[in-house]
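Subject: Structure for you to look at

Hello,

Here is the structure I said I would pass on. Please open it alongside this message.

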Amino acid sequence: MELIINLVVFVILLALGYGFGRYTEKKHYKSIISREKDLNRIPAVAQRFPPLATTPYQVDLVVGNVVISVDYFKRFVAGLRNLIGGRMTSYESLLDRARREAVLRMKEHADQLGAKMIFNIKLETSSIHKGRKNGVGSVEVLAYGTALIP
């Protein structure tokens, strides 16, 4: 009887993790897409040196960072994938959202400064919390670059 109760609790937690995780992810992607459309006017390039310009520019460091946690369902699916190996597709959308959000926050910082472009952008990724058995719990992405301010 106890085994059945534990199984039911596990399935309920798994379903809740899937449902709330999907809802939160879709909501976050909608926010990212609308903000990307707005901030497309500020190009962010990995080019090391700024383009030659006749207008004098001030430069400033701009940063954006984000910490995103893994939901219960993704952690479960990744655990299954860990048994057989292969791509961890359940984490790919997590990293995609984190990178895009960090770049958006960097662009928002540049927009506050009145920048027209960001060059020499870099991305740093780190796992800031290990779950059980050193599984990924949360991931942090830091985006930084040099803003050109007229």
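Below is what came out of going through the model, starting with the chain and then turning to the charged residues.

Please keep in mind that this is a predicted model.

Overall layout

The protein chain has 3 helices and 3 strands. Read from the N terminus, their order is α-β-α-α-β-β. The radius of gyration is 20 Å, whereas the globule rule gives 15 Å for 150 residues, so the chain is more spread out than a compact globule. Along the principal axes, the C-alpha trace spans about 80 × 25 × 20 Å.

Of the 150 residues, 29% count as buried. The accessible surface of the chain comes to about 10000 Å², and carbon and sulfur atoms hold 60% of that surface. Among contacts with a separation of 6 or more, 81% are between residues 24 or more positions apart.

Charges

Side chains of opposite charge can pair when their charged atoms come close. How many salt bridges does a search of the whole structure find? The search gives 7. Three of them are described here, each with the position of its partners.

R35 and E101

The side chains of R35 and E101 form a salt bridge, with 2.8 Å from N to O. R35 is in helix α1 and E101 is in helix α3 (residues 89–113), so this pair ties together parts of the chain that are 66 residues apart in sequence. Are these two residues buried or exposed? R35 has a relative accessibility of 19%, which is under the 20% cut-off, so R35 counts as buried. E101 also counts as buried, because its relative accessibility is 4%.

R100 and E36

A salt bridge also joins R100 to E36, where the closest N and O atoms are 2.8 Å apart. Here R100 belongs to helix α3 and E36 to helix α1, so the pair ties together parts 64 residues apart in sequence. R100 is partly exposed, with a relative accessible area of 24%. E36 is partly exposed as well, at 23%.

D111 and R41

In the salt bridge between D111 and R41, the closest N and O atoms are 3.0 Å apart. Which parts of the chain does this pair link? D111 lies in helix α3 and R41 in the loop between α1 and β1 (58–69), and the two residues are 70 residues apart. Both are partly exposed: D111 has a relative accessibility of 31%, and R41 has a relative accessible area of 48%.

The network

Some salt bridges share partners, and in this way R35, E101, R105 and E108 are joined into one network. R35 and E101 are the pair described above with the 2.8 Å distance.

E25

E25 counts as buried because its relative accessibility is 11%. What does E25 touch, leaving aside residues up to four places away in sequence? Its contacts are K74, S93 and R97.

Regards

Notes:
Residues are numbered from 1 along each chain as its sequence is written. Side-chain values use heavy atoms; hydrogens and water are left out. Buried means under 20% relative accessible area, exposed over 50%, partly exposed in between (1.4 Å probe, protein chains only). Contact means heavy atoms within 4.5 Å. A salt bridge is a side-chain nitrogen of Lys or Arg within 4 Å of a carboxyl oxygen of Asp or Glu. Helices (H or I, at least four residues) and strands (E, at least two) are DSSP runs, numbered from the N terminus. The radius of gyration is taken over C-alpha atoms; the globule rule is 2.2 Å times the number of residues to the power 0.38. Accessible areas come from the Shrake-Rupley method with a 1.4 Å probe; for residues, only the protein chains shown count as cover.
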